2 protein chains.
Amino acid sequence: MLALGALDLAEAHGVELALVGDAERLASLVGTRSHRVVGAARAITHDDSVRDALRGKIDSSMRRAITLVAAGEADAVVSAGNTGALMALSRHLLPMLPGIDRPAIVKPFVGRGGARCWVLDLGANLSCTAEQLHRFGRMGAAVAEAAGGVTAPRVGLLNVGVEHSKGPREVRAAAERMAADEGLSFAGFVEANELFDGKVDVVVCDGFAGNVALKATEGAAAMARHLLGTELGGARLVRLLLAGRLRRLAAAYNPQAYNGATFVGLQGVVVKSHGGADRVGFREAVGQAVRDLESDLVGKIVSRLAGQSTEREGKE
Amino acid sequence: MLALGALDLAEAHGVELALVGDAERLASLVGTRSHRVVGAARAITHDDSVRDALRGKIDSSMRRAITLVAAGEADAVVSAGNTGALMALSRHLLPMLPGIDRPAIVKPFVGRGGARCWVLDLGANLSCTAEQLHRFGRMGAAVAEAAGGVTAPRVGLLNVGVEHSKGPREVRAAAERMAADEGLSFAGFVEANELFDGKVDVVVCDGFAGNVALKATEGAAAMARHLLGTELGGARLVRLLLAGRLRRLAAAYNPQAYNGATFVGLQGVVVKSHGGADRVGFREAVGQAVRDLESDLVGKIVSRLAGQSTEREGKE
C-alpha cells in the first residue's frame with residue numbers, strides 16, 4: 001500500500017526509487033518499471049525498542065534504507081515506521097551537522113488562508129536547553145525558506161504567555177539569545193493558538209510541547225470532521241449542494257494531505273510519514289522528501305547554522 | 001458587561017452576588033436587586049506583575065474579592081482578570097489544602113458526543129515533580145466526580161507516546177506512583193489527540209504542556225469556525241437550510257460555551273473566566289463556581305488527597 005504511494009509519486013515526478021523490504025512482494029509491485037528493489041529480511045515494528053533497532057535487528061529494512069543514503073546510493077529516505085527507531089538509526093548512520101546533538105522533527109501546521117507555520121521540535125528532544133532552542137530557530141528559518149520560499153522567516157518561541165517575564169527559565173534564556181541573533185527575525189513569544197493565524201512562519205519549542213501541540217491539533221481536527229459528518233449527515237439535499245465545499249473543508253483539516261515530517265540536523269534527508277498513512281498520505285511524504293532535496297534544504301540549514309557559529313565566535 | 005453576565009446567572013439560579021469594583025457603576029447595574037456592591041479603587045490589569053498584585057495595588061478589586069472568600073463573607077470568587085495575579089493572590093489570601101504547594105488550573109475539554117475530559121494543570125505549574133503530578137491525578141478525579149458525576153474517573157497521564165518506556169523522567173515516575181495508587185483508576189499514558197475521544201475522564205500534565213494543549217485546541221477550533229464561515233459563506237440557500245445545525249456545530253467548538261477554569265488545591269472556590277469572555281461566557285464562568293459549590297468540590301478534593309496521604313503513610 002505505502003509502496004504504491006511511492007510509485008505514484010515517482011511516476012508523476014520522474015523520481016527513481018529504491019524500495020527496501022520484502023524483495024519478492026516489492027518486485028511484483030514494481031513490475032517492468034525501472035526502480036531498484038533492495039531485500040531486507042526483517043522489519044522494525046512499533047513495539048521494538050531503540051536498542052532492538054540499533055543492535056538487535058541489524059538486517060532491518062529501516063537500517064538498509066538509511067545505509068543507502070549514508071553510502072550515497074540514495075538521496076533521501078522516507079519511512080512510516082517507528083519514530084524512535086528511525087531517529088536513532090539516522091543519528092547512528094548519518095553524519096550530524098555541526099553543533100547538533102540530536103535532530104529535530106519539523107512539520108508545517110496549516111492555518112487560515114493556507115498559511116503554513118513550521119513547528120520544531122515535534123518529539124525528538126523532550127527537554128531542550130536555550131542553546132538547542134536557538135539552533136532550532138536557525139534550522140526552522142532554513143526550512144521555511146527552503147520549503148516555503150519565505151524570505152526572512154519570522155521565528156516565534158512557544159510559551160504560555162507573551163510577556164517577557166513569562167515561562168520556564170530555558171525558554172526565557174532562549175528568547176534572549178534569539179533576540180540578540182541578527183541572523184534571525186525573532187518575533188518573540190507566541191502561544192499555541194497563534195500557530196494558525198499566520199503571525200509567524202516558524203515556531204520553536206521542546207519536543208514534548210511540540211508533540212502535544214501537534215496531537216491536540218490533530219485531535220481537534222478529527223473532532224471537527226466527526227461533528228461535520230454527524231451533524232450534516234441527515235441532510236442529504238444539503239450534502240449534495242455542499243459536496244465540493246465539504247471536500248475542500250475536509251482536506252484542510254486532514255493530516256494525510258500534509259503528511260511528512262522532516263528530521264533536521266542530519267547530513268541527509270530523512271522524512272517520517274505518519275504511521276497511519278494511506279497510499280495518498282505516503283505519496284505526500286515522498287513528495288516532501290523530493291521537495292526537501294530540490295530546495296537544497298540541508299545546504300540551507302548548514303549555512304544558517306554556520307552563520308550562528310560565526311556570529312557567536314565574533315561576539316566572544 | 002461581565003457584571004451583567006453575573007446578574008443573569010444570579011437571576012436564573014437564585015444566587016446572591018457581591019460585585020467588587022467601581023461602586024457607582026456597579027450600583028447602577030444592580031439597581032433595586034438585592035446584591036452587595038463592594039467598592040474598590042483600583043483594578044489589576046493584564047500588564048501588572050505578580051509583585052504589583054501582591055504588594056503594589058493593595059486596594060485592588062481582585063484582592064477585595066478574594067478577601068471576601070477568606071473572611072467567609074462569600075463562598076466563591078470569579079474573575080476574568082490577570083491569571084498570574086489571581087493565582088498569586090489566591091495562594092496568599094486563602095489556605096492551601098494539605099500537601100499542595102501551588103494550586104492547579106483545571107477545565108474540561110469537550111470531545112465527541114459531548115464527552116468531557118478534565119485536564120490539569122493548564123498553566124499554574126510550569127514544571128512538575130512526579131509527586132505533584134500524582135496529586136493532580138487525585139484532585140482531577142475529585143473534579144470529574146464533583147463536576148461530572150463520574151464514578152471512579154479514569155485518569156490518564158499526558159505523554160508523547162503510550163509505551164511505558166516513553167517520555168520525560170518525571171512523567172514516567174508519576175506513572176509508577178499513579179499505577180501503585182489503589183485510590184485511583186489509572187489509565188496509563190495518553191497522547192493529546194486522545195483528549196477528545198472519551199477514553200479517559202481526567203488528564204494530568206504540567207502547566208506548560210496543558211496550556212499548549214488548551215491553546216492549540218482553541219486555535220484549531222477557531223480555524224474550523226473560520227473555514228466553515230468562509231467556505232459556506234457564499235451559499236445562502238444552504239446557510240438557510242443548515243442554520244440550526246451550524247449553530248449547534250459552532251457551539252460545540254466555542255470556548256465561551258464552556259468558559260470557567262477552576263483553581264484546585266485551595267480552601268475555597270476560585271474560578272478564572274477567559275479574559276476575552278462576553279456576557280454569556282462570564283455567566284457560564286459564574287455558573288461553574290455555583291456548580292463547584294453545590295457539588296462540594298473542595299470537600300471531595302480534601303477527602304481524595306487525604307486518601308493519598310493515608311495510603312502513603314501506610315506503605316512507609
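**Helix crossing and loop residues in a predicted model**

Helices H1(A) and H10(A) lie oblique to each other. H1 spans residues 2–13 of chain A and H10 spans residues 279–294 of chain A; their axes come within 7 Å and cross at roughly 50 degrees. The crossing of H1(A) past H10(A) is right-handed. On the side of H1(A), the residues that take part are Leu2(A), Leu4(A), Gly5(A), Ala6(A), Asp8(A), Leu9(A), Ala12(A) and His13(A). They meet Arg279(A), Phe282(A), Arg283(A), Val286(A), Gly287(A) and Val290(A) in H10(A).

Among contacts in chain A with a separation of 6 or more, 65% are between residues 24 or more positions apart. The chain exposes about 13600 Å², and carbon and sulfur atoms supply 50% of that area.

The backbone has further points to examine. Most peptide bonds are trans, and most residues other than glycine have a negative phi. In chain A, however, a cis peptide bond joins Leu120(A) and Asp121(A), with omega about 5 degrees. Asp121(A) is placed in the loop between strand S5 (116–120) and helix H6 (130–148) of chain A. Chain B likewise has a cis peptide bond between Leu120(B) and Asp121(B), with omega about 5 degrees. Asp121(B) is in the loop between strand S5 (116–120) and helix H6 (130–148) of chain B.

Positive phi values occur in chain B. Ala152(B), a residue other than glycine, has a phi near 45 degrees; it sits in the loop between H6 and strand S6 (154–158) of chain B. Its relative accessible area is 47%, so Ala152(B) is partly exposed. Asp296(B), also not a glycine, has a positive phi of about 50 degrees. This residue belongs to the loop between helix H10 (279–294) and helix H11 (297–315) of chain B, and its relative accessibility of 43% makes it partly exposed.

A further loop of chain B, between helix H5 (83–93) and strand S4 (104–110), holds Arg102(B). With 29% relative accessibility, Arg102(B) is partly exposed. Beyond residues up to four places away in sequence, Arg102(B) touches Met87(B), Arg91(B), Met96(B), Ala124(B) and Asn125(B). Its C-alpha lies 9.1 Å from that of Ala88(B), a residue 14 residues apart from it in sequence.

How values were computed:
Residues numbered from 1 in each chain as written. Chains lettered and ligands numbered in written order. Predicted model: local features only at pLDDT ≥ 70, side-chain atom pairs only at ≥ 80, totals over all residues. Heavy atoms only, no water. Axes fitted to C-alpha atoms, helices over the stretch in contact; angles between N-to-C directions. Helix = DSSP H or I, 4+ residues; strand = E, 2+ residues; numbered from the N terminus. Parallel < 35°, antiparallel > 145°, perpendicular 65-115°, else oblique. Left-handed = near helix turned anticlockwise from the far one by under 90°. Contact = heavy atoms within 4.5 Å. Areas by Shrake-Rupley, 256 points an atom, 1.4 Å probe, with all protein chains shown as cover. Buried < 20%, exposed > 50% of the residue type's maximum accessible area, 1.4 Å probe, protein only.
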